[in-house]
Amino acid sequence: MRTLTRLDKDSQRARQELKDQIQGDGPLACHTVKSSGARQAGQSSIHESAEKHVTGKAAYIDDLKTPSDALHVALGLSPVAHGRLTELNLDAVKQASGVIDVITFHDVPGDTDIGPVFPGDPIFVDQEISYAGQCLFAVAATSLDSARRAVKLASIEIDEQPASLDPVTATQREEFVRPPHVQERGDWQQALRKATYTVESELSVGGQEHFYLEGQACVVLPTEDEGVIVHTSNQHPSETQKLVAEVLGIPLHAVTVEVRRMGGGFGGKETQASPWACIAAIIARRTGKATRLRLPRSEDMRVTGKRHPFHNRYKLAIDQQGIIQGGEISVIGDCGYSPDLSDAIVDRAMFHTDNAYSLGDARVVGHRAKTHTASNTAFRGFGGPQGMMIIEAAMDDIARQVGEDPLTIRKRNFYRDGRDTTHYGQHVDQRQLLHTLVEALEADSDYWARRKAIKTFNAKSPVIKKGLALTPVKFGISFTAQHLNQAGALLHVYTDGSVMINHGGTEMGQGLHTKICQVVARELGLSLEQVRITATRTDKVPNTSPTAASSGADLNGMAARDAASKLRERLFDFAASHFTAGLDREGMRLEDGMLVSGSNESEQRIPWGELIQTAYLNRISLSEKGFYATPLIHYNRATGQGRPFYYYAFGAAVSEVSVDMLTGEYQVDRVDILHDVGTSLNPAIDIGQVEGGFIQGMGWLTSEELKWNTKGVLISDGPATYKIPTYGDLPSVFNVALMEGHPNSMASLYRSKAVGEPPLMLGISVWSALRDALSSLTNYATSPRLDTPATPERVMLAANAIREKAL
C-alpha cells in the first residue's frame, strides 16, 4: 500500500488547507476511520437523536421559540354527534380579553374542504354536524388561557338528530363513505357446496387510539410575501403543503412545511395533522403574526380518528384435515363520517384476510360504513391487522372442529407449492421462508413440550388456566396507491468533506433518519458521524409521499442511495481524469474515509477530504439529487386482481398466558418472536421496532378500549379511561430475534425488508392464546368467540358463557 505522492498544485493546496484541521463542533470527514466502527447500513447503531432524546435537547413543536406577540389558538367543538347548526353567535367571544381573531367556515379564503383523497372533510362546520368534536370555529388570542376561556363564551344552537353509531346497521342501510369492493378468485360457491365441512363465525374488532406522546401541534409563521412557513408534527408534509395552499388560495410554492421529528405518529399524523396547520395558517395570514396551535389530550382524542373498528364474517369450506378449499369473507370497516383514507385501509384489510394461508377459491368483500364519529384513519398496519384477525379466528375454529392443535392447522394451510397465489392474484414469493421461520420458532420456543405441560397444568387447575398460541404474519409491503411508491433525496458534500442528506421521509422515533445516514455513509465509505441529516422540508425535496406503509426506509433509502452513488461515480470520473498517477477507474472504491484505487502493491489512497477539496477547486458539483420508484407493482380495482405489493415480510410469535377464569384477569407469561427483516439495515433499531410493534398490537387486542356514550360522544378521552400497555404488562420472558441468512428476494435496499408495521400483528398471538385458555374449559372441543379488545371483562363473560352452556 502506498499513498499518492505525485500531486498537482490543486491537490497540494487542498492538503495544506486540511493540515491544521477545520474547526467546528462536528467530526471531520477528512479523518480516516476504521470500518469496524463506521456503523454504516447493515450494522447496529444508536438512533441519530438518542442523546438528544434522553437529555431533553431534541426539539419538538412545543419547544420552538416564537415571537413575543405570537398568537395561541383554541377550538370551538360540536358537543353533539349529528345535527344542524342553527345559530353560532360569537360576539362575546370576539370581545373577550386577549382575543385577536375568530374565524369560522365563512372566513376561509380558499377551499373549505380538506379531504385528503376524496371530498367530505370541511375545515369548519357550515351547517351539517357529523360527529361530536367537529370544529365549529377557532379563536386566536394573546395567550392559550385567554383563547380557551373565550371559546366557552360562544352561543351555539344545534338541531340535534339521531346519530348512526353501528357500522353493521349502516351497511345494511347501504350508508357508505365509499362503494363496496370485491376480490374474487375461482368458484367459491362451488367450493362451499362441495365442502366436507363448513365453518363460519363472526368477530368484532375494536379500534385503537394512536396515543402519540406528542399531540397534534403546529407553529405557522407568515412570510414577507403571501406565503407561510409551517412547523408541524406531521407524517405527510407535502399533503399539508397542498391543503394549506388550497385553503389560503395561494400556489404551493408559497407554502413551506418543515418536520424535524415527531413524538410519535403511528398513522395518526398522516392526514389528520393537516386541519390544524390549515387553521393556524389562515390566522397567521389574517393577523400577520406567528400562530401556535396544539391540542390538549382530551380534545386530541375527540377530534381525531382512530384505527378503524371492524366487523368481520367468514364461511369457509374445509376438508377432513382442516385444509381450506374456499369460501367467503366479508369485512366491514367503521370509517366514521368521511372517506379520509378508508378506501385504501379497507382494501388492505381485504388483501390481508388470508394472512399466511391459501384461501383456495375465495371471495372477499369489503364495506366502508359511514357512522357519526370522527373520521377513522391510518394506524400502524393500515387495515392489515383487522383483516388478519378473521382468518386467525378461523384457524382456531377449524382446529377445534377437526380435533387438531391450532399450530398443526395453521401449518397445513400455509401458502405452499401448488397453492401459492392469493385471492387477489399475487404470487407469494419466498413462501418457503414462512415454513422455515415457523419451524425454527416452533423448535426454539419448545412449543410442543410446553403444549403438553400446559394441558397437564390445566387438567389440575380449576381456576387458573394457561393458553398457548403460535401465529404467523405475512404482510405486503408497498402503498396500495401506486403513485405513492416514489421518493426523492437531496445530498450535499461541503468543502471540508462533511455530508448533509435530506429526504422526503419523516422521523417519528422509528429510526428512519438513522438508517438514511447509514445508507449514505456506506455508499461514500464514511463513518456515520460524518453524515448529518436535516429536517424534512417541502422546499428541499418536493412532492413526497407520506411516511407510512412501512415504506420509509425502502423508498427514501433507495433515493438517498441513488443520490450518493451518482455523486460517487462523478468523483470517480473526476479522480481518474485529474490525478496524474494514473488511478484505475474500474477498481476505484470509497472506504474508511479514503478513495482507494488498485490493490496490494499498486494500491493508492487519497483522503476523502482531499478528494472533495480538489473536486471543488476544479468546479465539480458536490451536490446531487436522488429518486426512486418501486417497480413491478400494479392493481386493477375493476377486476380485484394484480400485484399490489413489491414483496412480503414474514414473522411469527408464540405467546403463553395465564387466565383467572373467575375474574377474567390474565397475564402474559412468555413471548417468543422470530421476525423476517431480510438483511437488516440496523439490527438494534429493527429489534426495537419488533418489540414495540408487538406490545402496541397486544395493547390493541387486550386493554385499549374505546367507548362512546349513546349520543356518540367519546368518553375514553384520556389516560384515566383509555389504557395503553405499561411496563407492568410486559411479559416476564420476552425473547425477540431476527431471522438471519434470508435476504429479500426482491431488489430492495441492500436486500432488507420493512419492519415498521409487520410486527404489530404478532400481537394476535396473545389474543389467540387467551382463546386457547378459554377453550381448555371444554377440553379443547370448542372455540369461544372473543371480540376485541379482550379485556378481563370480556374474558370473564366468555368463560361464564362456556360454563352456562355446559350446564
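Helices (H or I, at least four residues) and strands (E, at least two) are DSSP runs, numbered from the N terminus. On this basis, residues 55-162 are 12% helix and 31% strand, with the end C-alpha atoms 51 Å apart. UniProt, in an unreviewed entry, assigns to residues 55-162 the feature "domain: Aldehyde oxidase/xanthine dehydrogenase a/b hammerhead"; such annotations may be inferred rather than shown by experiment.

The model is predicted, and local features need pLDDT of at least 70, side-chain atom pairs count only at pLDDT 80 or more, and totals for chains, interfaces and linings use all residues. Residues are numbered from 1 along each chain as its sequence is written, and side-chain values use heavy atoms, with hydrogens and water left out. The mean pLDDT (the predictor's confidence in each residue, from 0 to 100) of the chain is 94, and 95% of its residues reach 70 or more. Over residues 1-7 the pLDDT is below 50, and this stretch has 20 contacts (heavy atoms within 4.5 Å) beyond near neighbours in sequence. Residues 20-36 also stay under 50, with 32 contacts beyond four places in sequence.

Helix α4 (residues 144-151) contains the buried residues Leu144, Ser146, Ala147, Ala150 and Val151, where buried means under 20% relative accessible area, exposed over 50% and partly exposed in between (1.4 Å probe, protein chains only). These residues lie on the same side of α4 because they cover an arc of only 160° around the axis, the arc being that of the directions from the helix axis to the C-beta atoms. Their cover includes β2 (71-77), α3 (91-94), β4 (99-103), β6 (135-141) and β13 (291-294).

A nonpolar core is a set of buried Ala, Val, Leu, Ile, Met, Phe, Trp, Tyr and Cys residues joined through side-chain atoms within 4.5 Å. The largest has 144 residues, and Ile501, Trp608 and Leu611 have the most contacts inside it. Helix α16 (residues 552-578) contributes the largest share of this core, 12 residues. A second, separate core of 41 residues includes Ala140, Cys218, Ile250 and Ile279.

The structure holds 12 aromatic pairs, defined for rings of Phe, Tyr and Trp (its six-membered ring) with centres within 6.5 Å; planes under 30 degrees apart count as stacked, over 60 as edge-to-face and the rest as tilted. Phe351 and Tyr424 have ring centres 4.8 Å apart and planes at 75°, so this pair is edge-to-face. Phe351 belongs to helix α10 (residues 342-351), whereas Tyr424 lies in the loop between α12 (406-413) and α13 (431-444), 73 residues apart. Both Phe351 and Tyr424 are buried.
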